[in-house]
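Biologist: Could you take me through this model? I am new to it and would like to begin with the charged side chains.

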Amino acid sequence: MSDTEYQFEHDKERQTFGVKIKKEWVELEYRANREGKFFITNLEGPPQLLNNGLGDKMLEHALEYVKENDFQLIPSCKAIKEYLQRFPEYKSLVATGIRVG
């Protein structure tokens, strides 16, 4: 994975994190509720960017947001479930009673 620093945009109204690389847009969609649950629902963008480390950086950014804001994570898409398998240090953010792999 590259050490490139990305400038992620956070749109709280749309509940997304995004980043533009050249003319390409990568976006992570989430839903947060009043009970403190944070659902990562989708990660999309060009495969050449997602598979070259940007997908992991985006997920890491979202998980740090979850941690900083005391949310409980509900992993709702394949990308976050796979990420948690590779980086188990973030499993402590998963809501009680939710199994990940």
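Modeller: This is a predicted model. In it, E82 is partly exposed, with a relative accessibility of 39%.

Biologist: Which side chain does E82 meet in a salt bridge?

Modeller: The partner of E82 is K78, with 3.8 Å from N to O. Both residues lie in helix α2, four residues apart, about one turn of the helix. K78 counts as exposed, at 62% relative accessibility.

Biologist: How many salt bridges does a search of the whole structure find?

Modeller: The search finds five. One of them joins D56 and R86, whose closest N and O atoms are 2.9 Å apart. That pair links distant parts of the chain, since D56 is in helix α1 and R86 is in helix α2, 30 residues apart.

Biologist: Is D56 buried or exposed?

Modeller: D56 is buried, because its relative accessible area is 14% and the cut-off for buried is under 20%. R86 is partly exposed, at 47%.

Biologist: Changing topic, where is the kink in α1 centred?

Modeller: The kink is centred on G53 and is about 70°.

Biologist: And what follows α1?

Modeller: D70 follows α1, and its phi is positive, near 55°. D70 sits in the loop between α1 and β5 and is exposed, with 69% relative accessibility.

Conventions: Residues are numbered from 1 along each chain as its sequence is written. This is a predicted model: local features need pLDDT of at least 70, side-chain atom pairs count only at pLDDT 80 or more; totals for chains, interfaces and linings use all residues. Side-chain values use heavy atoms; hydrogens and water are left out. Helices (H or I, at least four residues) and strands (E, at least two) are DSSP runs, numbered from the N terminus. Buried means under 20% relative accessible area, exposed over 50%, partly exposed in between (1.4 Å probe, protein chains only). The bend at a residue is the angle between axes fitted to the seven residues ending there and the seven starting there. A salt bridge is a side-chain nitrogen of Lys or Arg within 4 Å of a carboxyl oxygen of Asp or Glu.
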